[in-house]
Structures are given as structure tokens and as C-alpha cells.
Amino acid sequence: DGMLEDFQMPNTPIITKPIPAPGRTHETSPVQILPNGEKIYKKSCALCHNNTELFPSIHGQNKQYLINQLEEFKHETRIDSVMYFYTRTTLQSESDIHDVADYLSKQNRCDVYNKTTKVTLDDKTHTPNLENGKSLFQSCTSCHSTDNSIFPIIHGQNPNYTIKTLEELKSQHRPSNTMKFMLGTIDKQGMVDLAVYLESESGCE
């Protein structure tokens with residue numbers, strides 16, 4: 001009994017939880033639920049396509065053009081092994097494709113714009129002629145205007161990507177009879193001139 005008389009409780013702080021007032025529930029931070037298209041883009045696409053110095057800019061792109069390209073990648077009518085993998089694994093339905101295209105078409109391309117500092121072709125740095133690029137673009141305006149929904153907006157695109165695409169179209173690595181005809185007389189320097197002119201018309205600072 002003496003041991004019990006000498007025993008003292010340690011000085012331990014007592015932690016209590018506040019009791020909500022009657023009629024009120026415990027408040028928690030709301031969970032943000034992203035729209036489907038935005039969720040897919042940020043999870044699977046943003047790592048590459050937010051880097052517009054290396055990958056094409058697709059923010060603010062025409063919705064129908066995006067839908068067409070995603071479907072072509074998924075069904076391998078446009079060949080690209082990386083995009084085939086991502087479209088097959090992340091776009092499970094037609095609604096996913098439409099949701100991503102709708103989300104991107106409403107974004108501001110300037111939010112991810114990075115001005116290209118060096119334009120290369122065949123591992124050589126080229127000096128562009130903007131006046132020649134502007135002149136060459138005059139034959140492209142009937143399709144590549146901002147209000148033509150089935151063709152891509154090409155203003156403000158990374159010029160190195162534009163040059164790569166023009167070469168693929170001209171060589172028919174990316175088949176298009178129309179673009180093969182349009183590019184028939186444009187040489188490599190002309191591609192550089194056109195690509196750099198198009199970036200200069202981005203409207204972004």
C-alpha cells in the first residue's frame with residue numbers, strides 16, 4: 001500500500017479534439033475534381049507538351065484538328081510509336097479524345113510559350129529570312145488560318161518542330177499529297193524562313 005501512496009501520475013499533457021457545435025460538421029478542405037480532359041492532359045501529356053522548345057505546342061489548337069490527330073495516332077494511320085502508346089493507354093473512349101481536345105482548344109497558347117533560341121537543320125545553325133518566310137506563307141493562308149477548324153494553327157509553333165514536320169511531309173514520311181505538292185519547290189532554307197516567320201507571329205511576348 002505504501003507504494004501506491006508514493007506513486008504520482010507523470011505530468012503528461014492531455015490532448016483533446018474540439019467538439020463541433022450542434023448542427024455543424026467538422027470542416028475539411030474540399031477535394032478538387034478536375035474535368036476529364038484537363039485531368040488526362042496533366043497526367044499524361046503535360047510533361048512533354050508544356051515544353052514547347054522540344055515538342056509541339058497544342059494549347060489553343062483547333063479542336064477538330066486535335067480530335068482527328070489523336071484518332072489517327074490511336075489507330076496508327078499517323079505513325080508515331082510514342083503517341084500510339086499514350087493514345088492507346090490513356091484515351092479509353094471517344095469521349096476521352098473529345099474531352100482532351102476541348103480542354104486544349106480553350107487554353108491560351110502563350111501560357112506555355114517558350115521562344116526558340118536556335119534553329120537547326122542538318123546539325124547546322126541557319127540564319128532565317130523573315131521576309132521570305134512571310135512571302136512563302138501567303139500560299140498557306142487559305143487552309144492555315146485561325147478560323148479553319150480542320151487544319152492546324154501553325155502560328156507560334158516551335159520552328160524546329162515545324163521544320164521537322166515540313167521535311168516529313170515533303171518526303172512523305174508523313175503522307176499528304178496536298179502538302180507534298182505545296183512544298184514541292186521549297187528548299188531547306190525556305191523551310192527555315194517559313195518556320196521562323198510563323199513563330200514570330202505567335203502573338204506571345
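Helices here are DSSP runs (H or I, at least four residues) numbered from the N terminus. The model is a predicted one, in which local features need pLDDT of at least 70 and side-chain atom pairs count only at pLDDT 80 or more, while totals for chains, interfaces and linings use all residues. Residues are numbered from 1 along each chain as its sequence is written, and side-chain values use heavy atoms, without hydrogens and water.

H3 spans residues 63-74 and H5 residues 94-105, and the two pack with axes 9 Å apart at an angle of about 140 degrees. In the contact (heavy atoms within 4.5 Å), H3 contributes Lys63, Leu66, Ile67, Leu70, Glu71 and Lys74, which meet residues of H5 including Ile97, His98, Val100 and Leu104. Seven residues of this contact are nonpolar, two polar and five charged.

Glu76, in the loop between H3 and helix H4 (81-90), is not a glycine, yet has a positive phi of about 60 degrees. Glu76 is partly exposed, with a relative accessible area of 43% (between the 20% and 50% limits, 1.4 Å probe, protein chains only). Gln172, also not a glycine, has a positive phi of about 70 degrees. Gln172 sits in the loop between helix H7 (159-171) and helix H8 (177-182), and is partly exposed at 22% relative accessible area.

Key:
Axes are lines fitted to C-alpha atoms, for helices over the stretch in contact, and angles run from 0 to 180 degrees between N-to-C directions. Ala, Val, Leu, Ile, Met, Phe, Trp, Tyr, Cys and Pro count as nonpolar, Asp, Glu, Lys and Arg as charged, and the others, Gly among them, as polar.
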